Amino acid sequence: MVKLSVVIITFNEERNLRRCLEAAMGVADEIVVIDSGSTDDTKAIAKAYNAVVIEHAFEGYAQQKNFASCHAAHDWILSLDADEQLTPELTASILAVKQDPKHVVYEMPRLTNYCGKWIRHCGWYPDRQTRLYNRTKGAWVEKKVHEYWQATDPVETKALLQGDLLHYSFATLDEHRAKIARYTDLAAADAAERGRSAGPLRIWLSPLWHFVSEYLFRLGFLDGAHGFTICRLSAYTAYLKYSKIRLATHK
């Protein structure tokens, strides 16, 4: 059986961390928490679960995750966010991999809780995430908006695990709106660096397409009022992102 290090990066995660750690203990041979200056009880909670806690200034999500992997005792890594939780079925799948790993990287479906409701449509599920891997076979790659894990060998295949990774995303609409503001700022900065722009048609048509595709084609309406809110805010995100990109690249 291979040994597994669970690594978690944190910043003021006292609301979520206990739930994450409680489930992670079912698969972990060690837990490593990389904290970037929390001022709440995050570090105390992690230590209560016998996690190795290392303080490291935030340099970017990919850098934090690579730093965490480097400070783990084992080559097999399960990378979690503090607002995520393993289900019993996913725990069983990970334990089976520990017994006999047939691949070097595994994906898992992620199910998101939005303002108290589990969202199964809107393009939000199954939201496959690469989280279980052999650290010697790849690394996290940084982008301004979304980091991703990339295998050193580009032909390396990913296996999909059974069981959901539960994601407790936004407890309130204000949290969602705040993330939209941060995301669109980063997207505009990234576009400016890459020399990309956005024309007026894209600014107006992209929001319409996002709403129609997610609410109708991806069955967002089946998620009720929460689904409508998600699709409406997705359209707003598209409008705000491309407006900021055009502003940033037409100065």
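Two strands are taken to pair if DSSP finds at least two bridges between them, and helices (H or I, at least four residues) and strands (E, at least two) are DSSP runs numbered from the N terminus. The model is predicted, so that local features need pLDDT of at least 70 and side-chain atom pairs count only at pLDDT 80 or more, whereas totals for chains, interfaces and linings use all residues. Residues are numbered from 1 along each chain as its sequence is written, and side-chain values use heavy atoms, with hydrogens and water left out.

On these terms, strands β5, β13, β7 and β8 form, in that order, an open sheet of 4 strands with mixed pairing. Because β5 (84-86) and β8 (117-119) each have a single partner strand, they stand at the edges, and one side of each is left without a neighbour in the sheet. Strand β5 pairs with β13 (residues 165-170) in the antiparallel sense over 3 bridges, and Leu-86 has Leu-165 in β13 as its bridge partner.

Phe-217 is found in helix α6 (residues 200-217) and is exposed, with a relative accessible area of 58%, where exposed means over 50% (1.4 Å probe, protein chains only).

Definitions and conventions
Buried means under 20% relative accessible area, exposed over 50%, partly exposed in between (1.4 Å probe, protein chains only).
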